[in-house]
Amino acid sequence: MAEERAVLAGGCFWGMQELIRKMPGVGKTRVGYTGGDVPNATYRNHGTHAEGIEIWFDPDKISYRQILEFFFQIHDPTTPNRQGNDVGMSYRSAIYYVNDEQKAVAEDTIADVNASGLWPGKVVTEVEPVGDFWEAEAEHQDYLVRFPAGYTCHFPRPDWVLPRRDAAE
């Protein structure tokens, strides 16, 4: 199996990890800090980093596009620097692409989300090249597995599902 890597930010990393890790084809996930300016970022000192998730997946079982479509369903990509009650740069929506193909897929997916009219506004998700990913402290990893009633603002929104694309497209 040739694993691929995806790095996303969409608000509090606990909720994203809990939902994305369960997707068929996702091998492992970890939460951390990415897209910012502080080396060796921590929860107490992460500067302009976003709370993010690193995803390792099998592209023979799930596509990058499918991961992005789910990502856009479980958080609100139309709210700048905010998810639910969480406000600030740490909670921004961002896609950190690892290669030009991921960048193209991200831009195409955002265009489809915007064209669909299903979301409450236009996507504000940043699309940037991946940089350092600083793993969050152990207490943040798999948080909702250990505390199932813990805080999350992530959930699948059944009305935010893009129509299936023809395989020929």
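1. How many of the eight residues of helix α1 (residues 13-20) are buried? Eight of the eight are, so α1 is largely enclosed by the rest of the structure. Buried means under 20% relative accessible area, with a 1.4 Å probe and protein chains only. Helices are DSSP runs of H or I of at least four residues, strands are E runs of at least two, and both are numbered from the N terminus.

2. The model is predicted: local features need pLDDT of at least 70, side-chain atom pairs count only at pLDDT 80 or more, and totals for chains, interfaces and linings use all residues. Numbering starts from 1 along each chain as its sequence is written, and side-chain values use heavy atoms, leaving out hydrogens and water.

3. The cover over the buried residues of α1 includes strands β1 (4-10), β2 (26-34) and β3 (50-57), together with α2 and α4 (143-146).

4. The α1 and α2 axes, lines fitted to C-alpha atoms over the stretch in contact, come within 11 Å and cross at roughly 135°. The two helices are therefore oblique to each other (angles of 35 to 65 or 115 to 145 degrees, on a scale from 0 to 180 between N-to-C directions).

5. In α1, M16, L19 and I20 meet F70, F71 and I74 of α2 (contact means heavy atoms within 4.5 Å). That contact has six nonpolar residues, no polar and no charged.

6. Helix α2 (residues 64-74) also packs against α3 (residues 100-116), at about 40° with the axes 10 Å apart. That makes α2 oblique to α3.

Note on methods
Buried means under 20% relative accessible area, exposed over 50%, partly exposed in between (1.4 Å probe, protein chains only). Ala, Val, Leu, Ile, Met, Phe, Trp, Tyr, Cys and Pro count as nonpolar, Asp, Glu, Lys and Arg as charged, and the others, Gly among them, as polar.
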